[in-house]
Amino acid sequence: MKLQNSYILAIESSCDDTSCAILKNNQVLSNVTAAQAIHEQYGGVVPELASRAHQSNIVPTVDVAIKNAGIDKNELTAIAFTKGPGLMGSLLVGTSFAKSLALSLNIPLIDVHHMQAHILAHFIDHGQRVPEFPFLGVTISGGHTQIVKVTDYHKMEVVGTTQDDAIGEAFDKSGKLMGLGYPAGPQIDKLAQLGNPSAFEFPIPKAPGLNFSFSGFKTAVLYFLQKEKSKNPNFVEENLADLCASIQHTLIKILFKKLEKAVKETGIKRVAIGGGVSANSGIRTALQAKQQQGWDIFIPPFEYTTDNAAMIGISAYFKYLNKEFCGLDVSAAPRLSM
Ligand code: KG4
Ligand code: ZN
């Protein structure tokens, strides 16, 4: 029997991006994201402002996604949304909107785990090869740093995670200390290409097993800059490229130390990377080098790697195939575990 096509409308609102996507089976028809510029002036996401911006963004974002997909809302077969983890106020907007839409269209509702979705983004079909199970999913962004053992679409085990800051936060906070705007990650990446990665040495924080720690790194950068600036007030300006290169080099070293350990311990050399930080050119070069050592690397296109609703849609699609729906009594879960 041939399965009927599914048209899933997916909503992502866990942090500061309001995103809506429509998927026809495992392919994306539209993926629309309203980024919130409001947080730039604060150097980080302000939860209350994020929640309010979601409220004003959600209707137009959903509207444009439906229009771009070229379908009628009555053709939709299910509504998916991010249940968690994320910011409570932000999650609530997407959750409530998804519930009312599913109720009014009388179609099933599917709750999605944000971190699982980051990993399942690799299965969005755009003609590329997809990772076979088992593989290691590595999610690195401003909100997450995780190594996950993936044995099936929704069978995932977190084998390593950050105990404090995410790697993207380490980039952003170090950048802030050097006077760079938010988010500083892409700027550090660019400037690092002009600098010497061995110019300055920063400590590698200790964390047990496959876990990460980045807060000590940020403090080390703070003290180092304070000390150097007391000797030379123009230290940062005069050494910006070398500082960026050295900071990036250290952060990559921290990441790869644990990644190599995870590959060794699990015996899994298939590595699928995601999250905003995977755009970093130093990380990409380091991953390519690993390919020479027999690692099989997967990197999704940038639009599916930062927070987006297409990844929520693909995760929901695999649940839809199993008829894994949720009730209208479902609630947002800021601390949802894998
Ligand atoms: O996935 P994302 O867009 O949002 C979440 O945090 O969930 O990731 C944003 C993070 C920021 O910390 C930003 O500085 C970092 O990704 N980022 C980068 C680069 N592009 C984005 N970090 C280093 N190098 C980059 N090229
Ligand atoms: Zn995310």
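**A bent helix and what surrounds it**

Start with H7, which has a kink of about 60 degrees centred on Ala241. Keep in mind as you look that this is a predicted model. The helix runs over residues 235–266, 32 residues in total. How far does H7 reach from its first C-alpha to its last? The span is 44 Å, close to the 46 Å expected at 1.5 Å a residue. If you're tracing side chains along it, here's a handy rule: an α-helix has 3.6 residues a turn, so residues three or four places apart point the same way.

Now zoom out. What about the radius of gyration? For 338 residues, a compact globule would come out near 20 Å, so the 21 Å of the protein chain agrees with that.

Next, a few backbone spots worth a click. As background, most residues other than glycine have a negative phi, and most peptide bonds are trans. Asn25 isn't a glycine, yet its phi is positive, about 50 degrees. You'll find Asn25 in the loop between strand S2 (17–24) and strand S3 (27–35). Then look at the bond joining Phe133 and Pro134: this peptide is cis, with omega about -10 degrees. Pro134 sits in the loop between helix H3 (114–120) and strand S6 (135–140). Another cis peptide bond runs from Tyr182 to Pro183, where omega is near -5 degrees. Pro183 belongs to the loop between H4 and H5.

That brings us to the ligand. Which residues come nearest to ligand 1? Of the 18 around it, they are Gly142, Asp172, Asp189, Gly276 and Asn280. Some of these make polar contacts you can check by eye. Gly142 places a backbone N or O atom 2.8 Å from an oxygen atom of ligand 1, and Gly276 has a backbone N or O atom 2.9 Å from a ligand oxygen. Asp189 uses its side chain instead, with a polar atom 2.8 Å from a nitrogen atom of ligand 1. On its own, ligand 1 has 550 Å² of accessible area, and the protein covers 87% of that. The elements giving two or more residues to the shell are helix H4 (167–177) and helix H5 (185–192). By residue type, the shell divides into 5 nonpolar, 10 polar and 3 charged.

How values were computed. Residues numbered from 1 in each chain as written. Chains lettered and ligands numbered in written order. Predicted model: local features only at pLDDT ≥ 70, side-chain atom pairs only at ≥ 80, totals over all residues. Heavy atoms only, no water. Near = heavy atom within 4 Å. Polar contact = N/O pair within 3.5 Å; in protein donor to acceptor, adjacent residues only side chain to side chain. Areas by Shrake-Rupley, 256 points an atom, 1.4 Å probe, with all protein chains shown as cover. Helix = DSSP H or I, 4+ residues; strand = E, 2+ residues; numbered from the N terminus. Nonpolar A, V, L, I, M, F, W, Y, C, P; charged D, E, K, R; others polar. Expected span 1.5 Å × (residues − 1). Bend = angle between axes of the 7 residues up to and from the residue. Rg over C-alpha atoms; globule rule 2.2 N^0.38 Å.
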